[in-house]
Protein chains: 6
Amino acid sequence: MPTAIYPGTFDPITYGHIDIAVRASKIFTKVVAVVATNPAKNPVFSMEERVVLAREALKDVPQITVVGYSGLIVNCVKEYGASAIIRGLRAMSDVDYEFQMAYTNRNMLTSAETVFLMPSAEYAYLNSTLVKQIARHGGDIGGFVPEFVKNKLLGKVVC
Amino acid sequence: MPTAIYPGTFDPITYGHIDIAVRASKIFTKVVAVVATNPAKNPVFSMEERVVLAREALKDVPQITVVGYSGLIVNCVKEYGASAIIRGLRAMSDVDYEFQMAYTNRNMLTSAETVFLMPSAEYAYLNSTLVKQIARHGGDIGGFVPEFVKNKLLGKVVC
Amino acid sequence: MPTAIYPGTFDPITYGHIDIAVRASKIFTKVVAVVATNPAKNPVFSMEERVVLAREALKDVPQITVVGYSGLIVNCVKEYGASAIIRGLRAMSDVDYEFQMAYTNRNMLTSAETVFLMPSAEYAYLNSTLVKQIARHGGDIGGFVPEFVKNKLLGKVVC
Amino acid sequence: MPTAIYPGTFDPITYGHIDIAVRASKIFTKVVAVVATNPAKNPVFSMEERVVLAREALKDVPQITVVGYSGLIVNCVKEYGASAIIRGLRAMSDVDYEFQMAYTNRNMLTSAETVFLMPSAEYAYLNSTLVKQIARHGGDIGGFVPEFVKNKLLGKVVC
Amino acid sequence: MPTAIYPGTFDPITYGHIDIAVRASKIFTKVVAVVATNPAKNPVFSMEERVVLAREALKDVPQITVVGYSGLIVNCVKEYGASAIIRGLRAMSDVDYEFQMAYTNRNMLTSAETVFLMPSAEYAYLNSTLVKQIARHGGDIGGFVPEFVKNKLLGKVVC
Amino acid sequence: MPTAIYPGTFDPITYGHIDIAVRASKIFTKVVAVVATNPAKNPVFSMEERVVLAREALKDVPQITVVGYSGLIVNCVKEYGASAIIRGLRAMSDVDYEFQMAYTNRNMLTSAETVFLMPSAEYAYLNSTLVKQIARHGGDIGGFVPEFVKNKLLGKVVC
């Protein structure tokens with residue numbers, strides 16, 4: 001019964017995240033999308049809000065559940081008995097950062113593998129930070145996030 | 001009458017920026033160097049100062065004009081009826097960030113293409129952030145920026 | 001009257017090449033797609049065949065002409081009075097090779113700039129070599145090349 | 001009952017390949033290591049020999065089977081009803097080539113995802129081609145391949 | 001009597017830094033590990049603490065000395081009459097940043113070369129920032145830093 | 001008395017190779033430029049010719065000697081008691097290949113470190129293969145190789 005953890009900041013969830021989660025759900029029996037605290041990134045949405053948005057965005061895929069978690073990912077992996085940590089692998093500079101995290105996680109826990117999935121080409125360069133910048137400047141972000149995320153984000157950044 | 005937009009933070013303008021702007025002016029009839037606000041980068045110079053320095057640095061090339069702009073680049077592109085967005089492409093990690101921005105811009109506006117130009121090899125690794133760090137430590141930045149930029153920068157960072 | 005050269009092996013022309021050529025034609029008044037000999041790549045199609053296929057594929061864009069050329073690209077650039085050399089910039093490993101060629105060309109000719117355009121995301125990883133391998137194994141290449149190119153290619157590789 | 005295909009040339013199988021196959025077997029119920037023909041690579045070992053060596057190397061992991069295959073990988077994936085194509089992701093230049101193949105495969109078949117696993121750090125730069133070069137020069141390849149592979153390889157290259 | 005400078009933030013020193021310093025000491029007669037101020041990185045340890053930890057970690061290699069320095073690295077290089085600046089070269093995104101710094105230093109000082117050494121594969125993705133994040137979450141960092149560094153770091157981040 | 005080996009195919013020696021060799025000679029007491037056989041690369045010049053050209057090109061630097069060698073580089077390193085293997089590190093795709101070789105060499109020999117030096121920016125993308133292609137097409141290669149190398153190369157490729 002292979003379970004996979006899909007950790008991220010999801011601030012907010014984009015079509016890129018959804019794409020990866022759905023792909024993972026075709027391989028694994030159960031996928032737990034884990035919304036991490038990540039204070040370093042200084043998120044626009046609180047963890048609770050990010051969980052709510054991710055749940056709404058992924059509600060049509062029954063194998064996927066969404067939880068918030070504020071500790072080490074490897075502990076979360078153990079808690080769920082997962083055998084895989086899912087990461088979307090976009091382009092170049094990404095790879096280095098992803099490998100740093102994955103090797104570090106492997107150093108602490110060998111019972112789960114980091115599994116990299118490739119996003120749909122149209123989302124290969126999609127990035128939450130850029131989406132937020134565009135929203136702040138009043139640009140149209142309808143091509144990057146679902147309607148209800150867009151509305152929440154506009155409510156946040158336009159004040 | 002092809003017009004190109006050359007957006008950047010230009011904090012301050014370096015020989016690398018000048019090199020790209022001049023190359024662009026050989027291809028396009030009109031090049032508008034757009035000094036963007038970019039609050040995320042927390043610039044040393046105000047937008048007005050950055051515009052003044054860029055204007056001084058590019059004054060010998062009549063096809064180039066310099067303006068300040070504090071909105072989405074795609075809106076600026078529409079305003080000037082530009083068919084191209086110029087970006088200097090330096091080395092490795094650059095490419096990923098540049099592609100993110102360019103695909104995001106293309107998603108919002110299809111009437112202009114991002115056009116990447118290659119800097120002169122001697123400026124391939126030149127970077128405003130490093131120049132400011134060196135100035136702060138009292139190093140000689142004469143090889144990286146024009147004399148009048150150097151003086152302004154020293155006035156800013158040495159206090 | 002800015003003219004651009006778009007050189008390549010085009011063995012055979014794919015949707016990726018077409019995408020770049022069309023994007024270039026929106027920026028430049030005239031685009032000359034130059035089918036190069038490139039004996040090192042040991043092409044499946046003769047230069048004449050590659051020119052014919054590229055012409056057919058690009059016939060709907062009046063600013064684009066297709067020619068064959070078997071010398072140094074910089075000489076071809078001079079012959080056409082071009083101010084730009086167009087290259088599609090795909091992903092990672094590409095960049096290094098492209099920069100080598102572009103710096104080498106700049107060393108020999110300074111009157112034209114290499115201009116990198118970004119393909120549509122869906123063609124970002126499309127590659128003539130892979131297309132030919134798939135055709136050889138009887139795979140469906142309809143998503144990669146136009147119908148008439150597909151038929152010609154199948155005629156070549158299935159013997 | 002998730003099945004994964006692990007395709008490769010395996011000419012010959014190295015500790016790097018074994019490492020990836022074993023990691024895959026911890027995630028998937030069944031892993032089929034597929035020895036591909038790849039005439040382009042001009043292998044030192046025949047397909048039959050490569051299958052025999054891979055079988056010997058992986059015989060202790062019951063979930064892994066080894067087969068030879070000389071067609072399109074996507075057809076092989078369909079034949080085994082696999083939901084994943086395993087690839088080891090090493091370093092930099094690798095990523096581009098791997099993404100080309102993976103996007104090309106996805107274009108032809110959407111029922112399986114390419115799944116990238118990270119090799120053990122000590123095998124991150126291991127490469128069959130280098131191993132064969134070293135063997136040809138009489139170097140010690142005991143750190144790169146199992147004993148019985150080493151002996152077979154020395155028998156091939158030292159003549 | 002070739003002397004090399006090995007500059008870094010060392011916040012705190014990891015097995016990766018130690019690995020590079022020891023490799024440098026096999027090539028150069030004298031290696032000076034220079035703990036730089038780097039206010040941009042907002043270090044967890046004061047410069048004095050970082051020097052003490054680095055000294056302890058490298059005390060068994062007599063050719064290595066550890067000093068603190070708060071100016072331009074090129075000035076430090078001149079002060080010690082060094083002919084080389086040592087940098088560990090990890091993976092991908094690193095290279096660009098390292099080349100920026102190295103070309104910038106070369107622009108200011110030509111009497112010393114930046115020399116890149118390759119870390120042991122097991123430390124290729126080790127990173128002080130990740131180590132500090134793990135420590136903050138109560139993870140085990142014993143595989144990344146020596147015992148006494150671990151204790152000091154836990155004292156810092158767990159409050 | 002630190003000795004360094006600088007291995008390469010040198011087919012033929014370019015300003016890029018000379019630049020790296022001279023930089024190495026400022027750090028190491030003795031630099032041995034080792035012209036390797038490399039049958040895979042199918043050189044234009046015989047090993048004897050490549051040695052003669054490299055000797056001529058480097059004759060003004062007394063610490064540098066040039067030899068031909070047709071075995072494993074690690075054996076050559078042992079023979080000369082070298083503590084370092086010099087490699088010029090150019091751009092992106094290079095790094096992966098270089099790391100593969102360096103880790104492979106380290107696996108076979110731990111008494112010498114691979115030391116990467118950065119070429120002068122103007123030679124960062126210079127490449128013997130491109131130089132030969134240009135010469136074949138009658139292009140001017142005077143910016144890439146010394147006069148006497150140019151003459152020899154033209155004698156080879158123009159027949």
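Guide: In this predicted model, A:Thr14 caps the N-terminal end of H1(A), with a side-chain oxygen 3.1 Å from the backbone nitrogen of A:Gly16. Helices are DSSP runs of H or I with at least four residues, numbered from the N terminus. Residues are numbered from 1 along each chain as written, chains are lettered from A in the order written, and side-chain values use heavy atoms, without hydrogens and water. Local features need pLDDT of at least 70, and side-chain atom pairs 80 or more, whereas totals for chains, interfaces and linings use all residues.

Visitor: What span does helix H1 of chain A reach from its first C-alpha to its last?

Guide: The expected span is 1.5 Å times one less than the number of residues. Helix H1 (residues 15-27) of chain A has 13 residues and reaches 19 Å, close to the expected 18 Å.

Visitor: Why is H1(A) described as largely enclosed?

Guide: Buried means under 20% relative accessible area (1.4 Å probe, protein chains only). In H1(A), 10 of the 13 residues are buried, so the helix is largely enclosed by the rest of the structure. Among them are A:Gly16, A:His17 and A:Ile27.

Visitor: How many residues does each chain give to the contact?

Guide: Contact means heavy atoms within 4.5 Å. Chain A gives 15 residues and chain B gives 14.

Visitor: What area is buried between chain A and chain B?

Guide: Buried area is the accessible area (1.4 Å probe) that two parts lose on being put together, summed over both. Here the area is about 1300 Å², of which carbon and sulfur atoms give 68%.

Definitions and conventions
Helix = DSSP H or I, 4+ residues; strand = E, 2+ residues; numbered from the N terminus. Buried < 20%, exposed > 50% of the residue type's maximum accessible area, 1.4 Å probe, protein only. Polar contact = N/O pair within 3.5 Å; in protein donor to acceptor, adjacent residues only side chain to side chain.
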